[in-house]
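Have the structure open as you read.

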Amino acid sequence: MRRISAVLAAMLAAAAAVLFATTAPAGAAATRIMPLGDSITGSPGCWRALLWNRLQNAGHTDIDFVGTLPPQGCGVAHDGDNEGHGGFLATNVAAQNQLPGWLSATRPDVVLMHFGTNDVWSNIAPATILGAFTTLVNQMRASNPAMKILVAKIIPMNPSSCADCAQRAVAFNNAVPAWAAATTTERSPITVVDQWTGFSTATDTYDGVHPNAAGDQKMADTWYPALVDALAGADPDPDPTDPPPGGCAAAYRNAGQWQGGFQGEVTVTNAGTAPMNGWEVRWTFADGQRIDQIWNGTLSASGSSVIVRDVGWNGTLAPGASATFGFLASWNGANTAPVPTCS
């Protein structure tokens, strides 16, 4: 009798499971979150584990951390997929066009980016790093027009082998907010997350660069409110044919360089839903570069400050359409890529 009862109970449980599976409403697609950066993000990147579990405990269970890299340690149960590539430079990832493949494989809706530490260590100018950030952001938006992007002011760094790194990190972090304000859009906002303030290399890292357990906790706590806000506005599986509601975007490219001279190109894109009737691109050269010749644009320059306007025939852009202008310029000593803004 007991055996019959047990078998009957098992059959009823199985039937209930099938009934639930076939009658429960399909849930919304999980919001895919890509942690992007270097070893501070990836190896082992235990702040990700702490952040994941805090989100789960707070009821944010419809999320999926994504990346082409698997969990890299920690010993804490969590969704460990990530794009934290140890030793990578943001400038190299942009120059080598690596991000589009990662985006295609994982299709994130939100990106958490703590990137630039190795660039700072390599003494790359903040404007150059942020120019690479602009390239990465444009690639994110090409993958998902509604991408929510959280960009960190990087944690302090004070390695014994780099006496200047501490101040370089300050200079880089100071430049991030203005870049973000110039690059953000209504549909694809950029949120600056201040991982710098309150973080100590003496107590929160084990080597002056990488977080220890206390540092991991601080990083997770700092990411959390910004990510919760982003999740509230995230749009899993957006229609890629939906145009963003507004904005003019400008992408700068060094098309070729030789001793004392180079060719630059800027592509202006109508990222809005209505036609653009005229455009204007502005930037400031960091190293004293001077434009000698320009085509497909009208130049107005004062010292290092550059303004380029359309030439009439290329000023009207339909939504999604682009126009490119080019120029020849001189340089001496350094040729840092500027970060253009467009209106």
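Just after helix H5, Arg107 adopts a positive phi of about 50 degrees. This model is a predicted one.

Now step back into the helix itself. H5 spans residues 99-106, and its buried residues are Leu99, Trp102, Leu103 and Thr106. Because these cover an arc of only 100 degrees around the axis, they sit on the same side of H5. On the other side of H5, Ser104 and Ala105 are exposed. Several elements take part in covering the buried residues of H5, as listed here:

| Covering element | Residues |
|---|---|
| strand E1 | 31-37 |
| strand E3 | 83-84 |
| helix H4 | 90-95 |
| helix H7 | 126-143 |

With a relative accessible area of 9%, Thr106 counts as buried, since the cut-off is under 20%. A polar atom of the Thr106 side chain lies 2.7 Å from the backbone oxygen of Trp102. Beyond its neighbours within four places in sequence, Thr106 touches Arg32, Met34, Val66, Gly67, Thr68 and Glu83.

On to the sheet. In which order do its four strands run? The open sheet is arranged E12-E13-E10-E16, with antiparallel pairing. Strand E12 (298-302) and strand E16 (341-342) stand at the edges with a single partner strand each, so one side of each has no neighbour in the sheet. Strand E10 (residues 280-284) pairs with strand E13 (residues 305-309) over five bridges in the antiparallel sense. Within that pairing, Val281 is found opposite Val308 of E13.

Definitions and conventions. Residues numbered from 1 in each chain as written. Predicted model: local features only at pLDDT ≥ 70, side-chain atom pairs only at ≥ 80, totals over all residues. Heavy atoms only, no water. Buried < 20%, exposed > 50% of the residue type's maximum accessible area, 1.4 Å probe, protein only. Helix = DSSP H or I, 4+ residues; strand = E, 2+ residues; numbered from the N terminus. Arc of directions from axis to C-beta. Contact = heavy atoms within 4.5 Å. Polar contact = N/O pair within 3.5 Å; in protein donor to acceptor, adjacent residues only side chain to side chain. Pairing = 2+ DSSP bridges.
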